[in-house]
Amino acid sequence: MRKIFYGGTFDPPHSGHIRLAEAVLERGLADEIVFAPAWLPPHKRDASIASFEDRMAMVRLATEGMEHFTVSDVESRKGGVSYTIDTLHRLSAEFPEDRFVLLIGSDSLAQLYSWFRVGQLVFEYEVLTYPRPGFDVTMEMLLEHWDPDWAGRLYSGILRGLPAYEVSSSEIREALRTGRSLEGVLDRKVLEYIKQRRLYEH
């Protein structure tokens, strides 16, 4: 089975996350989407984020009843900083019959060269990229850090023609703090969970 590894902070998970996953499935790029909340994202070590347990619970609520979506707690089993290569190795060992494909945003693609053991990562796993508004990645940009063969592979993995989702978790957190409506942006069950747990109030 071909599985998309969709890692992220998911703080909180929103309609953009879900619609992107649905669009990837509709294109036939995978049999299953594996949502994997990060334990400690390397690029957000100093940020104040909701607990892993809360983020796991919210992703489960956001994907409840959706076919071909699963949620993995794989990041919590190691603890410490979450490095994608280690997580993918763990999943590949647990599910040796499956093929895992990494899904990242274009903002991450621009910085992919700096990721931990990235040479091994791109050699062992296919990388697909969804374009994020304001983060266009050109072949010239990739060639600054990758040899032509790898730059070409990464560039060809950019998913063209996907709907643009003009929503971000940071904007949602601010909206929650200021009381703005989030109808159509947050799943009702996720919003109820946030209110019950009093998340993002400060």
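## Exercises on a predicted model

Both Phe 35 and Phe 69 are buried. The model is predicted. The exercises start from this pair of residues.

**Exercise 1. Find how Phe 35 and Phe 69 are arranged, and which strands they lie in.**

Solution. 
- Step 1: The two rings form an aromatic pair of the edge-to-face kind. Their centres are 5.3 Å apart, with 65° between the planes. The cut-off for edge-to-face is over 60 degrees, so this pair qualifies.
- Step 2: Phe 35 lies in strand β2 and Phe 69 in strand β3, so the pair ties together parts 34 residues apart in sequence.
- Step 3: Widen the view. Phe 35 and Phe 69 belong to one aromatic cluster with Tyr 6, Phe 10 and Tyr 130. Over the whole structure, a search finds 8 aromatic pairs.

**Exercise 2. Work out the strand order of the open sheet, and name its edge strands.**

Solution. 
- Step 1: The sheet has 5 strands, in the order β3-β2-β1-β4-β5, and the pairing is parallel.
- Step 2: β3 (69-71) and β5 are the edge strands, since each pairs on one side only.
- Step 3: From one strand to the next, the twist averages 30°.
- Step 4: Now the joins. β1 and β2 pair over 6 bridges, in the parallel sense. Tyr 6 has Phe 35 as its bridge partner in β2. β1 and β4 also run parallel, joined by 4 bridges. Here Arg 2 has Arg 99 in β4 as its bridge partner.
- Step 5: β4 and β5 are parallel too, with 4 bridges. Leu 103 stands opposite Leu 128 in β5.

**Exercise 3. Identify what builds the largest nonpolar core.**

Solution. 
- Step 1: This core has 35 residues. Ile 4, Tyr 6, Leu 20, Val 24, Ile 33, Phe 35 and Leu 103 have the most contacts inside it.
- Step 2: Elements that each supply at least two residues include β1 (2-8), β2 (32-37), β4 (99-105) and α8 (169-178). α1 gives the most, with 6 residues.
- Step 3: Look at Tyr 6. Beyond its neighbours within four places in sequence, the contacts of Tyr 6 include His 17, Leu 20, Ile 33, Phe 35, Leu 103 and Tyr 130.
- Step 4: A second, separate core has 24 residues, among them Val 34, Leu 109, Leu 112 and Val 122.

**Exercise 4. Decide whether Leu 102 is buried or exposed, and list residues in contact with it.**

Solution. 
- Step 1: Leu 102 is in strand β4.
- Step 2: The relative accessibility of Leu 102 is 3%. Buried means under 20%, so Leu 102 counts as buried.
- Step 3: Set aside neighbours within four places in sequence. The contacts of Leu 102 then include Phe 5, Leu 88, Trp 115, Leu 121, Glu 126 and Leu 128.
- Step 4: Take Glu 126. Leu 102 and Glu 126 are 24 residues apart in sequence, yet 6.2 Å apart in space, C-alpha to C-alpha.

**Exercise 5. Find which rings have Lys 3 and Arg 160 over their faces.**

Solution. 
- Step 1: Lys 3 lies over the face of Phe 95, at 4.4 Å from the ring centre.
- Step 2: Arg 160 lies over the face of Tyr 155, at 4.9 Å from the ring centre.

Definitions and conventions
Residues numbered from 1 in each chain as written. Predicted model: local features only at pLDDT ≥ 70, side-chain atom pairs only at ≥ 80, totals over all residues. Heavy atoms only, no water. Core = buried A, V, L, I, M, F, W, Y, C linked by side-chain atoms within 4.5 Å. Buried < 20%, exposed > 50% of the residue type's maximum accessible area, 1.4 Å probe, protein only. Contact = heavy atoms within 4.5 Å. Pairing = 2+ DSSP bridges. Axes fitted to C-alpha atoms, helices over the stretch in contact; angles between N-to-C directions. Phe/Tyr/Trp six-rings, centres within 6.5 Å; stacked < 30°, edge-to-face > 60°. Lys NZ or Arg CZ within 6 Å of the ring centre and 35° of its normal.
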